[in-house]
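Have the sequence and the 3D view open while you read.

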Amino acid sequence: MNTSALIRPAWTPATIALMVIGFMVFWPLGLAMLAYIIWGDRLDGFKRDVNRATDGIFAGCRRGSDKAARWGHGSARTGNVAFDDWREKELERLNEERRKLDEMLSEFDEYARELRRAKDQEEFDRFMANRNKSTSPTTGGPTTGGSTGSTATGKRGGKSTPGLLDE
């Protein structure tokens with residue numbers, strides 16, 4: 001059995017045929033095959049270099065995340081028992097303060113929501129009172145012997161305008 005690959009980065013009949021077919025089907029495929037034939041033997045070194053570079057980058061990220069885990073969450077012990085105990089107590093105290101602040105925030109939000117509701121209710125009541133005051137003489141009909149709408153005369157020069165608010 002032959003141990004060499006059929007498609008390898010060399011000028012073999014298979015790679016030449018694939019390059020020609022690639023150019024006929026879609027020219028970038030033929031160009032990619034040509035690049036593989038010419039520079040394919042360098043892919044192993046390129047792949048190794050890229051892997052080393054990415055390992056270096058991600059190793060830096062791992063070091064950064066280890067520091068964050070050590071100081072942010074308190075899961076890593078330093079070996080100094082007194083310091084670790086003090087840090088745990090301080091973190092517990094800070095968590096308690098954060099919980100108290102969150103409670104105060106929710107209480108304030110509820111208070112502000114109730115103030116808005118009360119203000120809206122007051123404005124609505126004022127609107128309804130003004131509306132009822134201006135429309136009440138016309139809805140009751142002419143109960144007196146005089147003219148209707150005489151109470152609706154306002155700043156409009158003596159004209160009766162039922163249904164409009166007097167200001």
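## Salt bridges along a helix

At 39% relative accessibility, E103 lands in the partly exposed class, because buried means under 20% relative accessible area, exposed over 50%, and partly exposed in between (1.4 Å probe, protein chains only). Before going on: this is a predicted model, where local features need pLDDT of at least 70, side-chain atom pairs count only at pLDDT 80 or more, and totals for chains, interfaces and linings use all residues. Residues are numbered from 1 along each chain as its sequence is written, and side-chain values use heavy atoms, with hydrogens and water left out.

Which residue does E103 pair with in a salt bridge? The partner is R99, and their closest N and O atoms sit 2.3 Å apart. A salt bridge here is a side-chain nitrogen of Lys or Arg within 4 Å of a carboxyl oxygen of Asp or Glu. R99 is itself partly exposed, at 37%. Both R99 and E103 belong to helix α4 (residues 81-139), four residues apart, or about one turn of the helix. (Helices are DSSP runs of H or I, at least four residues, strands are runs of E, at least two, and both are numbered from the N terminus.)

Helix α4 has other pairs like this. E114 and R117 are three residues apart in α4, again about one turn. R126 and E122 are four residues apart in α4, so about one helical turn separates them; R126 is partly exposed at 46%.

| Salt bridge | Closest N and O atoms |
|---|---|
| R99 and E103 | 2.3 Å |
| E114 and R117 | 2.9 Å |
| R126 and E122 | 3.5 Å |

Besides the R126 and E122 pair, salt bridges that share partners tie R77, D84, R87 and E88 into one network. By this rule, the count comes to 10 salt bridges.

Helix α2 covers residues 27-39, which makes 13 residues. The expected span of a helix is 1.5 Å times one less than its number of residues. For α2 that gives 18 Å, and the end C-alpha atoms are 18 Å apart, so the two agree. G30, M33 and I37 are buried in α2. Looking down the axis of α2, the buried residues fall within an arc of 60 degrees, so they line one face of the helix; the arc is that of the directions from the helix axis to the C-beta atoms.

What covers those buried residues? Part of the cover is α1 (13-25). V20 has its place in helix α1 and is partly exposed, with a relative accessible area of 41%. V20 and L31 are 11 residues apart in sequence and 9.5 Å apart in space, C-alpha to C-alpha.

## The chain as a whole

The chain has four helices and zero strands, in the order α-α-α-α. Of its 167 residues, 10% count as buried. Taking contacts (heavy atoms within 4.5 Å) between residues at least 6 apart in sequence, 26% join residues at least 24 apart.

How far can you trust it? pLDDT is the predictor's confidence in each residue, from 0 to 100. The chain averages 78, and 69% of the residues score at least 70. Over residues 145-159 pLDDT stays under 50, and there the model has 14 contacts beyond four places in sequence. Where pLDDT is low, the predicted coordinates should not be read in detail.
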